[in-house]
Amino acid sequence: MELLLVISILAVLISVFFFNSDSFRRAQLMRYGLNDTLAFIRESREQAIAESTGISLQFFENIVMIKKDLDAKKTPSFKLLAGGLKAKEQVTIGFNSAGHPIQAGTITLIDQKGTEKHIAIAVGTGRVRSY
């Protein structure tokens, strides 16, 4: 009788862990992708300042196209969005050689389940934040 009780308790605990681990994994993946994208935008701003050039980032569905003003004839580079995130719509942002945003706005990222996260670039300061 006691063995049956222990087995049923373990079964309940395992099922609770199984269902929660999927949502936990998705949340971790979203957090990783968001932090990676935030770091990438901030690094691009710092790179624009360090190289004294303008940089534009164009967000497509799951890639970002990077163009530098000095490399007008050079083929742009690309970066995949991490964590399975996708841009909800095509957005272009950019920074001038002083690190001020040329095109500022909000980037909306979505995961496989449709959960949205937003990254905003402040027009005056170039501050990058998520909400």
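## Strand pairing around β7

Strand β4 (residues 86–87) and β7 are joined by two bridges and run antiparallel. Strands here are DSSP E runs of at least two residues, and helices are H or I runs of at least four, numbered from the N terminus. Two strands pair if DSSP finds at least two bridges between them. Opposite Lys86 stands Ile110 in β7. Ala87 has Leu109 of β7 as its bridge partner.

This is a predicted model: local features need pLDDT of at least 70, side-chain atom pairs count only at pLDDT 80 or more, and totals for chains, interfaces and linings use all residues. Residues are numbered from 1 along each chain as its sequence is written, and side-chain values use heavy atoms, with hydrogens and water left out.

Leu109 faces Lys117 of β8. Leu109 is also the bridge partner of Ala87. The β7–β8 hairpin has five residues between the strands. There, Gly114 takes a positive phi near 95 degrees.

The four strands form an open sheet in the order β4-β7-β8-β9, with antiparallel pairing. β4 and β9 (128–130) stand at the edges, each with a single partner strand, so one side of each has no neighbour in the sheet.

## Thr108 in β7

Thr108 lies in β7 (residues 106–110). Is Thr108 buried or exposed? Thr108 is buried, because its relative accessible area is 10% (buried is under 20%, exposed over 50%, partly exposed in between; 1.4 Å probe, protein chains only).

Which residues does Thr108 contact, leaving aside neighbours within four places in sequence? They are Lys86, Ala87, Lys88, Glu116, Lys117 and His118 (contact means heavy atoms within 4.5 Å). With His118, the Thr108 side chain makes a side-chain polar contact of 3.1 Å. A polar contact is a pair of N or O atoms within 3.5 Å; within protein, one must be able to donate a hydrogen and the other to accept it, and residues adjacent in sequence count only if both atoms are side-chain atoms.

## Val6 in helix α1

Val6 sits in helix α1 (residues 2–51). Val6 counts as partly exposed because its relative accessibility is 46%.
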